[in-house]
Structure formats: C-alpha cells, structure tokens
Amino acid sequence: MQEQCKTQSCSQHGCGVCCTHISHISVKRGNHQILKDVNLHIHCGELTAIIGSNGAGKSTLLKAILGELPHSGEITYLEVRDQIVKRPVIGYVPQKLDFDMSAPISVCDIFAASLFKAPVWWKRSKASRQRVLDNLKRVQAEHLIDRKLGVLSGGELQRVLLALALDPIPNILLLDEPVSGIDHNGLKLFYEIVASLRQAYDLSIILVSHDLPLVAKYADRVAFLNHRTIECCGTPREVFGSQEVRKLFQMDF
Amino acid sequence: MYRKRVHVQEVSTCKRRVYMSGWYNLIEWLIPFEWAKYNFMKNALLGVLLVTPMFGLVGTMVVNNKMAFFSDALGHSALTGIALGVILGIGNPIWSMLGFSIFLTLAIIKVKGANTASIDTIIGVFSSTAVALGIVILSFRGGFAKYASYLIGDLLSITPEDLVLVGITFFIVILIWIIAYNKIFLVSLNISLAKSRGINVHLWEYAFALMIAFIVTLSIKWVGTLIISSMLVLPAAAARNIASNTKQYTVLSVTIALFSGISGLILSYFLGSAAGATIVLILGLIFALTYFTKIILSGAK
C-alpha cells in the first residue's frame with residue numbers, strides 16, 4: 001500500500017491540480033532516528049489525516065515540513081501546470097499556545113500581530129478590524145474577536161487559530177490537533193469547518209489526528225505513521241481495513 | 001593637537017550645559033516647588049521620565065514570556081560585571097557590566113536551546129555562580145563596603161552624561177517596540193507558529209534578551225541590583241490584573257511605571273529614603289490595588 005502512495009501522481013488525479021510532494025524525509029535527533037524515509041503526496045482539495053500511536057513522530061513530521069527541524073529529503077510544492085512554488089505559504093495550527101491563561105491578549109491581538117505592520121499596542125483602523133472579522137467569519141467565530149485568549153474553550157481557540165492560518169490562503173495547511181482539552185461537539189464542528197473550507201478554497205491539508213471515527217468520516221486520505229515511517233496510506237476505508245491498524249488502535253467500528 | 005582636543009571637549013560640555021539648562025529652566029517654570037530647585041533632582045526627574053516608561057514597555061513582554069527570573073539574574077550578576085571591571089582595571093564599570101550581562105544572556109539562551117534542563121534551573125545555576133564569583137572578588141581582603149551602593153542604587157547620582165546614554169537607549173527601545181513588537185509577540189505565543197509566518201525566531205529571541213540585558217545594566221547604578229527586576233516586572237504585573245487586551249496592557253503598564261517613578265522620586269526626597277526602593281514600594285501598592293479591583297470586578301460579574 002505504501003507503493004500506492006508514492007505512485008499516485010498529480011496527473012493521475014485529474015490534471016491541473018496543485019500538489020505537494022514530500023519525498024524521502026528523514027529526521028534525526030542526536031543518534032536517535034525519529035523519522036525515516038517518509039513519502040507522501042498531497043493534492044489540493046484533499047484532507048490527508050496522519051494517524052499513529054503517541055510518539056510515532058506525527059508532530060515531528062509537521063515540524064520538518066515547517067522547516068523548524070533539520071531534515072534530509074525534499075518537499076516540493078507544485079502549482080497548476082507543474083510550476084514549482086519557490087516560497088510556499090504554509091498555514092500552521094499549533095497544538096497549543098505557550099501563553100499563561102491570565103495574559104491580557106485578545107483574539108484580535110494575535111491577528112494584528114500576524115497580519116499587520118502596525119504594532120499590536122497601536123490603534124487599529126476600522127478596515128483592519130473588518131479583515132479580522134472576515135477571517136473569523138470563516139470559522140464561525142466573529143463573536144470571539146474581543147475575548148481574552150485565556151477564557152476561550154479548547155475548541156474555540158482551535159477555530160481561532162485555524163482562521164489565523166487561513167490568511168493569507170496557504171499552499172498547504174498543517175493542523176496539529178490537541179491530544180485533549182476539546183469536547184466532542186467542538187471537535188466535530190472543527191472537522192466540519194475544515195472539510196467545508198477544503199472545498200471552498202481548494203486547500204491541501206495535513207491533519208495530525210487522534211480521533212479515528214472523525215477521521216473516517218471527514219478525511220479523503222489517511223496516512224498511518226508507524227515504526228518511524230508511513231506504513232500505509234490510502235482512503236479511510238483502505239487504511240482502516242488493514243489488520244495492523246485495527247490491531248494497534250483496537251478498532252471496533 | 002592636545003590643546004585642540006581640550007578645546008573641543010570644552011565646547012561640547014558647553015553645549016551640553018546649554019542643552020541641560022534649557023531642561024532646568026523648564027522644570028523650574030513647570031514645577032515651582034522646593035524639591036525641583038536642585039539640579040540633582042532635575043537630573044533624577046529626567047532619568048525617571050526616560051527609564052520608567054522603558055521599564056513599563058519592556059516589562060509587559062518580560063511578564064508574558066515568564067522572564068522575571070531571567071531579569072532578576074541579570075540584575076544580580078551586575079556585581080560580577082563590576083568585579084571584572086575592577087580586575088581588568090576598567091575605569092567606568094558600566095562597560096564591564098554590559099560585557100558580562102551580554103555574555104550571561106548568550107550563555108543562558110545557548111544552554112536553554114540544548115534542552116538539557118528546565119530554564120529555571122539553568123538561570124538559577126548561572127545566576128548564583130555569577131553572583132558568588134562577584135562577591136568573592138569584590139570582598140577580597142574585606143573591601144565589599146565600597147560597592148554596597150550598587151545593592152540599593154542611588155537615583156540622585158545621575159549625571160548629564162548618563163542621561164545621554166539613557167536617552168539613546170530610550171529611543172532604540174521605542175524603535176524596536178514599533179518595528180519588531182509583532183514579531184517578538186508571535187515568538188512568545190508559539191515558536192512554530194511564528195516560524196510558519198516567516199519570522200526569524202532565533203534573531204528576535206536573542207535581540208529581546210539582549211535588550212533586557214542593556215536596560216537592566218544601564219539602570220543598575222540608580223535602582224540597585226536588589227530591586228531592579230521588580231521595576232521591570234511590577235508595572236506589567238499590576239497592569240495585567242485589569243487589562244483585557246494588549247493595547248490596554250501596554251498603556252496601563254507605562255502609565256503605572258511613570259506615575260510610580262515620579263511620585264516615588266518626590267516621596268523619597270521628603271523621606272530621605274532610597275529613591276529606587278520607594279518607587280518599587282509604590283508599585284507594590286498599585287499592584288495590590290489592581291489585584292483587589294480584579295477580584296471585585298470578577299465577583300460582580
């Protein structure tokens with residue numbers, strides 16, 4: 001099944017589609033090999049979920065794609081008509097933020113820091129506030145604009161960070177889902193929003209996920225990360241049909 | 001040649017005197033009170049007007065980044081800087097202090113990057129070793145009393161020359177706060193997020209830490225090593241009790257710092273107390289005030 005992942009090229013997948021090639025990515029930390037020869041092709045308009053046990057290297061793979069960790073191998077971004085994008089825009093939704101809950105940071109502040117030249121503590125124009133509102137509208141979160149980050153629920157914070165990652169519209173969107181702290185309804189809403197945005201903006205999405213039933217429902221493709229590499233990859237039906245995956249996750253659905 | 005240089009020097013002091021006398025006259029006109037008649041008070045007032053807003057601004061980020069302990073370590077290690085200056089025979093200890101605090105900052109960030117121990121432990125190890133080294137050198141043959149003034153500082157010892165240096169730092173800090181605040185802000189939220197936005201994380205991490213090192217070291221002489229980090233942390237800590245976004249946080253922190261600075265200076269004149277400590281005491285009171293305001297407000301909701 002690994003072969004299938006490698007050979008499925010863009011052209012087979014309806015031509016004129018942009019895509020991302022992740023080829024032969026390996027990550028070492030000291031003498032410890034964390035990822036070994038990871039290959040993955042991602043097409044735009046597709047939601048690819050990465051699953052695997054804790055510590056399998058899922059977040060590491062995202063950090064390698066982000067360029068935060070040194071790695072061997074190559075990542076290329078192809079636009080329509082196979083043109084290589086030299087400086088791709090990467091949208092990233094982190095697992096968590098490193099602020100303490102009492103910090104006086106509003107939702108609008110983190111948008112202002114990322115999108116505008118004027119310092120966050122300066123007065124904001126009506127137009128820039130409108131842009132933040134438009135961004136939040138995409139994830140059904142306009143009402144949160146003046147809230148403090150510390151009072152948001154896990155699901156609300158995740159949606160806000162998703163909205164942030166979508167301006168500007170990225171070549172590839174990386175979502176690192178928190179292990180805990182989000183209730184089931186919040187998580188379901190998040191998946192629904194991601195799935196609808198994928199179609200609306202023709203996004204390439206990689207989602208590190210811990211919720212298999214939701215992955216089965218919303219992902220277009222699933223990559224199973226095990227033993228430091230992607231062991232199998234395909235449609236949810238294919239991957240969840242594999243004996244090894246079923247055994248590891250003790251699946252009964 | 002020598003004569004010429006003396007001449008140039010005279011001209012420049014002369015100019016400075018003209019410049020300072022403008023400030024002195026302005027103060028006398030604005031504040032017709034007895035305490036404002038002395039030149040040392042006028043210098044101290046200008047010092048407070050430059051230093052406290054800087055502390056208020058930078059403090060907001062120090063508290064957000066949980067770097068209070070780091071600034072404390074920098075303050076304490078100034079003793080080591082002075083000691084090194086004595087050994088190397090450097091006339092003005094400010095240079096050896098700056099040199100050592102820059103070294104300490106770089107060392108702490110480097111070791112932190114290696115991820116071998118928690119940041120608290122790393123700072124603790126560096127700070128206490130540095131302080132011990134400084135005290136051993138300075139107290140060698142029982143001469144520590146000479147340097148005791150650095151422990152509590154003397155705000156009234158500010159000279160016009162010091163003010164020039166503080167003025168330059170003030171403008172650099174304001175400039176960084178305008179052009180780089182957003183970047184430093186994002187780095188403090190999440191490093192990977194900042195990286196995905198194309199921000200050079202390492203550059204700004206270093207730049208911000210070095211900026212703290214500069215401000216702390218420059219102010220040691222007037223504030224004293226014992227309470228310098230309170231000057232940095234308290235205005236922001238008080239402001240965050242009642243602020244709900246970054247703009248309010250910044251404005252409140254600077255206002256609180258300025259208010260405490262000016263009122264502390266005046267109060268210390270009448271009490272004959274150390275100005276730095278008096279300012280910190282007022283800051284502490286304001287913190288208590290905002291803390292209870294927060295509790296009352298959240299109780300009312």
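In this predicted model, the largest nonpolar core holds 155 residues, of which A:Leu174, A:Phe224, B:Val58 and B:Ile212 touch the most other members. Helix H2 of chain B, residues 39–64, gives the most to this core. Its share is 13 residues. B:Ile212 illustrates the packing. Leaving aside residues up to four places away in sequence, B:Ile212 touches B:Val58, B:Val62, B:Ser71 and B:Leu74.

The two chains also meet at an interface. Here 25 residues of chain A are in contact with 23 residues of chain B. On the chain A side, helix H2 (58–66), strand S5 (90–93) and helix H3 each supply at least two residues. H3(A) provides the largest share, five residues. By residue class, the side of chain A that touches chain B divides into 15 nonpolar, five polar and five charged.

Residues 107–115 of chain A form H3, which packs against helix H8 of chain B, residues 181–189. The angle is about 125°, and the axes lie 8 Å apart. From H3(A), the contact is made by A:Ile110, A:Ala113 and A:Ser114. H8(B) contributes B:Asn182, B:Phe185, B:Leu186 and B:Leu189. Five residues of this contact are nonpolar and two are polar, with no charged residue.

Definitions and conventions:
Residues are numbered from 1 along each chain as its sequence is written. Chains are lettered from A and ligands numbered from 1 in the order in which they are written. This is a predicted model: local features need pLDDT of at least 70, side-chain atom pairs count only at pLDDT 80 or more; totals for chains, interfaces and linings use all residues. Axes are lines fitted to C-alpha atoms, for helices over the stretch in contact, and angles run from 0 to 180 degrees between N-to-C directions. Helices (H or I, at least four residues) and strands (E, at least two) are DSSP runs, numbered from the N terminus. Two residues are in contact if their C-beta atoms, placed from the backbone, lie within 7 Å. Ala, Val, Leu, Ile, Met, Phe, Trp, Tyr, Cys and Pro count as nonpolar, Asp, Glu, Lys and Arg as charged, and the others, Gly among them, as polar. A nonpolar core is a set of buried Ala, Val, Leu, Ile, Met, Phe, Trp, Tyr and Cys residues joined through C-beta atoms within 7 Å. A residue is buried if 20 or more other C-beta atoms lie within 10 Å of its own, exposed if 12 or fewer, and partly exposed in between; C-beta atoms are placed from the backbone.
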